[in-house]
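Visitor: I would like to learn how to read the packing of helices and the lining of a pocket. Could you take me through a case, step by step?

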Amino acid sequence: MKVIRRGREHPDLAVTAVNIVRTSDVPPVLLVHGMGGDHTSWKRVIRTLGGAGRSVIAVDLRGHGRSQHAERYALDDFAGDLSAVLDELAVPRVDVVAHSLGAHSALRMAMAQPERVRRMVLEEPPPMPENDDDLAERIVPAFTGLGDRFRGIRALVTNPLPYVRYDRALPDEVAGQFDRTECEWWTRLSGLTAPAVVVSGGDRSFLPPRHLRRVAQALPNGEFVTIDSSHSVHRDRPTEFDQVLHRHLNS
């Protein structure tokens with residue numbers, strides 16, 4: 001694991017980089033976890049991608065894992081952190097596989113620097129509210145349903161460190177940013193031409209599939225896939241998730 005030192009104004013970030021090859025036509029895969037997780041949530045995916053010969057970069061978001069806690073958790077700051085990681089590793093372009101808050105952050109990075117992203121697999125990315133009806137639904141990455149919580153407890157027993165390490169101030173600050181409409185976020189999706197597949201966990205996830213379908217439809221080269229499971233599709237339906245991942249990244 002590498003720790004990227006960033007000075008007093010930005011938190012240090014922990015990164016796991018595996019077999020980085022910068023001269024290949026196939027870019028590394030950037031893995032970005034969801035709220036309350038860290039890079040270890042991708043252990044199985046890292047092994048699978050490594051077995052297929054892919055370079056992998058797995059980051060701990062600010063306030064998570066071995067990355068430092070931060071004074072603030074603005075959504076654009078998460079995106080900026082991802083760009084900073086790629087800059088530090090001298091990686092000009094990546095494929096992205098990201099979950100929940102990580103998927104939202106990766107989308108914001110791609111909005112700011114679309115040339116850095118070749119392909120995207122976006123698992124349950126929470127969209128910004130577009131209107132008052134969206135606000136009323138409280139589509140926030142910190143909220144999960146009962147089934148997700150039960151499965152999360154099993155994951156916690158297996159690997160408690162992500163929960164122990166993450167900043168408890170983070171969920172409320174992130175959730176507060178979803179308490180306003182942001183139509184511009186939806187407009188900026190139309191500028192992302194990288195092929196992207198949006199993966200929904202279906203009706204058992206707290207994120208209504210219809211909102212994720214809207215995200216896929218707003219992307220010029222977007223595809224929508226449902227894998228009936230939960231908010232954490234890669235954890236609870238690994239075989240089906242891998243099939244989508246490999247099909248999309250190898251297209």
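Guide: This is a predicted model. Helices α2 and α3 are roughly perpendicular to each other, because an angle of 65 to 115 degrees counts as such, and here the angle is about 70°.

Visitor: What describes two packed helices in general?

Guide: A packed pair is described by the angle between the two axes together with the distance between those axes. For α2 (residues 75–88) and α3 (residues 101–112), the axes lie 8 Å apart.

Visitor: Which residues of α2 and α3 meet?

Guide: From α2 come Leu 75, Asp 76, Phe 78, Ala 79, Leu 82, Ser 83 and Leu 86, and these meet Leu 101, His 104, Ser 105, Ala 106, Arg 108 and Met 109 of α3. Divided by class, the residues of this contact are 8 nonpolar, 3 polar and 2 charged.

Visitor: At what angle do α1 and α11 pack?

Guide: Helix α1 (residues 43–51) packs against helix α11 (residues 238–249) at about 45°, and their axes are 12 Å apart. The two helices are therefore oblique to each other, and the crossing of α1 and α11 is right-handed. In α1 the residues Arg 44, Val 45, Thr 48 and Leu 49 take part, meeting Pro 238, Phe 241, Asp 242, Leu 245, His 246 and Leu 249 in α11. By class, this contact of α1 with α11 holds 6 nonpolar, 2 polar and 2 charged residues.

Visitor: How much space lies in the second largest pocket, and which residues are closest to its centre?

Guide: The second largest pocket holds about 230 Å³ of space. It is lined by 15 residues, of which Glu 9, His 10, Pro 11, Arg 62 and Glu 71 are the closest to its centre. By class, the lining of this pocket comprises 8 charged, 5 polar and 2 nonpolar residues.

Key. Residues are numbered from 1 along each chain as its sequence is written. This is a predicted model: local features need pLDDT of at least 70, side-chain atom pairs count only at pLDDT 80 or more; totals for chains, interfaces and linings use all residues. Side-chain values use heavy atoms; hydrogens and water are left out. Axes are lines fitted to C-alpha atoms, for helices over the stretch in contact, and angles run from 0 to 180 degrees between N-to-C directions. Helices (H or I, at least four residues) and strands (E, at least two) are DSSP runs, numbered from the N terminus. Angles under 35 degrees count as roughly parallel, over 145 as roughly antiparallel, 65 to 115 as roughly perpendicular and the rest as oblique. A crossing is left-handed if the near helix is turned anticlockwise from the far one by less than a right angle, and right-handed if clockwise. Contact means heavy atoms within 4.5 Å. Ala, Val, Leu, Ile, Met, Phe, Trp, Tyr, Cys and Pro count as nonpolar, Asp, Glu, Lys and Arg as charged, and the others, Gly among them, as polar. On a 1 Å grid over the protein atoms alone, a cavity is a set of points where a 1.4 Å probe fits but cannot get out, and a pocket is an open set with protein on both sides within 12 Å along at least five of seven lines; lining residues have an atom within 4 Å of a point. Grid points are joined across faces, edges and corners, and a volume is the space filled by probe spheres set on the points.
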